[in-house]
Every structure is written in C-alpha cells, then in structure tokens.
Amino acid sequence: MIAVWLAGLLLADPSVPTANAAVQDPVAQQAPAQPDVAVELEDVVVTGRSLDTMIRNFVGEVAEPNRGRGLARWDGEICVGVSNLQADAAQYLADRVSTVAEDLGLQPGAPGCAPNILVIATDDAEGIARTLVSERRRAFRMGGAGMDRGGSALEDFVETDRPVRWWQMAVPVDAETGARATRLAGDCNGIKCGGGGGQTVLAFAPSTNVFAASRLRTQFVDNLIRAVVIVDVDQVRDVSILQLADYIAMVSLAQIDPDADTRGYASILNVFNDPDGSASLTNWDQAFLGGLYAAERNAAAQIARRSEIVDAIHDAHGRLREGENGEEPGVED
C-alpha cells in the first residue's frame, strides 16, 4: 500500500531536491482479475458492441484536447521530476513514468535534466495549486491560441478536490520543423520588432512555409511541452506505489479528461474508486497510449484526426494480443 511508502515521507521543507528521471525497471506485480463490470480489451464483442465502437467510446470519454485543437502528445525528450518525497519514493515514481514514456518511443532525460513533467506530493493539494497558479499564472496560461484548456478548466484544477490533479500545456507546431505555430504576447519577427510605424500583423505572427496545401491534410500538430501533477498524499494511501506511478504516467503522457467516466472499462484511471481493479496500466491503457503515439495526426479535420488515433489504438490492441513471442501479452512491469 502507498501508505507504507508515503507515511513519514512527505517533507515539510519545500527545498527537497527534485528526483529527475533515470530509467529503471519497476518491481513486477501480478494484476488481479478485473471486476465483471469492466470491459476487457481482449473481448471483441461485449453487450453487442464491436471492438471499434468500444475504442471510439473510450477515446471519446477519456481524451480531452485543448479547445479547437487535436490530441497532443510529447515529442522527443521528457524529464520527470518529483518533489516533496524522500529520494527512494521520488526516484521510483520518476523511473516508472520514464519507463512508460520510453516504451512509447520518447527519450527519458538524464539525471539532472530540467523537468518538463513535475510531480508534487503534498497534504495541501488545493493550497499548492492555488499558490502556483496565483504566483506563476503565465506558466499555466501562456496566452497562445490552443495551448491550454481555458480559464474554467484552470479553476477546476485549483478548486476540485481529487487524489491527483494535473495541468498540461501544449503548443501547435510545424510538423516538419518543430517551430511554434501560434503567437504569444510579445512575439515579434525580425527587424520589425523594434517599434515605430509601419508594422503589420505579419511582424508579430509566426511564419510557416506550407509545403503541401490540402483540405484533407495538415502540417501542424500539437505537442505537449509542460505538465504539473499534484498528488494529495492523504487520498492515495489505499493504492500501491506502482498504481500511483502508472496513474501519473497516464495523465501526464496524454490529455486525459479529469471527469471521464471509465467505470465500464478496465483502466488504471479507475484506481481511486476501485484499488483492487487494476494493479498497473491495463491493456486498454497501453493500447490508448500506444495508438496516440503511433498516429501521424496529420488529418486536417479534428474528427478525422481522432479516427486516425482510434485506428492506431486498434492496431496497438492487435499487437498486444499477439505479443512479441506469439503469446497472449500481459502487463510487463
């Protein structure tokens, strides 16, 4: 139980060094049988629903992209930092999230890297969230179009009592160059930035060379650039350290709706309502993350982008079933 790890580990001194990511295999745990009410990913038809329908429903329920944007994901390197826990517990959480990320094709940062996924453990989650947003609001709302979920969602992040709360920043980028494709306050371009007359909107807007104009395809995608995860240690005492780490991995590596109703699926997202339901990331969770990170995301229409991710999840599900050695896959921890 997480109480064994966290009892006495929460430190009053906020200057406790952050544990950065160094990849390490976590301790294996055997997943118990899922409750009858949860849909197992291996089932092709349950109560008359096809697998494709179930995947679409799951994606529709859990995925929450920023307003007017497609689903975002990390690109390249991630660095996980954990604060306010003693070194062994903090390092375990950082290592496990980094391992999940590495399995998705991301590069975990070396020890000492600057965290872009910051996990904060506290017994005053609302107070920490309120202080961070009040003192560093620009870090939560940078002002660029499509970079966050909006003011109402930020209020929910601060005020809604949850065992784990999270906030992510994403940015639209040129898929070819990685250059930011949205303007921030204060942005300017070239020599026209110096002030004076004659400036136009083109002096302040990002410039992108379009390589293939199309109504069906786009060269712009959305990348996650920052995530803050706050853990209320008083509300996570009934889950294991592995369950907590995998829950954090799920909500920091993908854009997950904090109000999603996933009771009909076997998912780590149910862990605080049903600690015995999932010992770690389930096949549903792995297929969702695998599909998100396998999809090209270059369909122009948002509905087409989501369908592309659904198809990629379907393929990921097939690979999970086949397994690397022709065996029925399990959850490898």
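A salt bridge is a side-chain nitrogen of Lys or Arg within 4 Å of a carboxyl oxygen of Asp or Glu. I start my notebook with that term. The model I am reading is a predicted one.

**Entry 1: salt bridge R56 and D52**

I looked up R56 and found D52 as its salt-bridge partner. The closest N and O atoms are 3.0 Å apart, and so the pair falls within the 4 Å cut-off. Both residues sit in helix α2, residues 51-62. They are four residues apart there, which means about one helical turn separates them. I then checked how open each one is. R56 is partly exposed, at a relative accessible area of 35%. D52 is partly exposed too, with 25%.

**Entry 2: salt bridge R149 and E64**

Next I looked up R149. Its side chain meets that of E64 in a salt bridge, 3.2 Å from N to O. Is R149 buried or exposed? R149 counts as buried, at 17% relative accessibility. E64 has 23% and counts as partly exposed.

**Entry 3: salt bridge R237 and D234, and the count**

I moved on to R237. Its side chain and that of D234 form a salt bridge, with 3.1 Å from N to O. R237 is partly exposed, with a relative accessible area of 32%. D234 is partly exposed as well, at 45% relative accessibility. I also noted a network: D156, R162 and D259 are joined into one by salt bridges that share partners. How many salt bridges does the structure hold? I have nine down for the structure.

**Entry 4: helices α3 and α7**

I turned to helix packing. Two packed helices are described by the angle between their axes and the distance between the axes. I took helix α3 (residues 87-103) and helix α7 (residues 241-253). They pack at about 50°, and their axes are 9 Å apart. The pair is therefore oblique. I noted the crossing of α3 and α7 as right-handed. From α3, the contact uses Y92, L93, R96, V97, V100 and A101. From α7, I listed I241, L242, L244, A245, D246, I248, A249, S252 and L253. Sorted by class, this contact has 12 nonpolar residues, one polar and two charged.

**Entry 5: helices α2 and α8**

I came back to α2, the helix that holds R56 and D52. It packs with helix α8, residues 283-294. The angle is about 75° and the axes are 12 Å apart. That makes α2 roughly perpendicular to α8. On the α2 side, M54, I55, F58, V59 and V62 make the contact. On the α8 side, W284, D285 and F288 do. I count off the classes for α2 with α8: seven nonpolar, no polar and one charged.

**Entry 6: the whole protein**

Last, I stepped back. What does the secondary structure come to? I recorded nine helices and six strands. The protein has 333 residues, and 49% of them count as buried. I also looked up contacts between residues at least 6 apart in sequence. Of these, 78% join residues at least 24 apart.

Technical notes. Residues numbered from 1 in each chain as written. Predicted model: local features only at pLDDT ≥ 70, side-chain atom pairs only at ≥ 80, totals over all residues. Heavy atoms only, no water. Axes fitted to C-alpha atoms, helices over the stretch in contact; angles between N-to-C directions. Helix = DSSP H or I, 4+ residues; strand = E, 2+ residues; numbered from the N terminus. Parallel < 35°, antiparallel > 145°, perpendicular 65-115°, else oblique. Left-handed = near helix turned anticlockwise from the far one by under 90°. Contact = heavy atoms within 4.5 Å. Nonpolar A, V, L, I, M, F, W, Y, C, P; charged D, E, K, R; others polar. Buried < 20%, exposed > 50% of the residue type's maximum accessible area, 1.4 Å probe, protein only.
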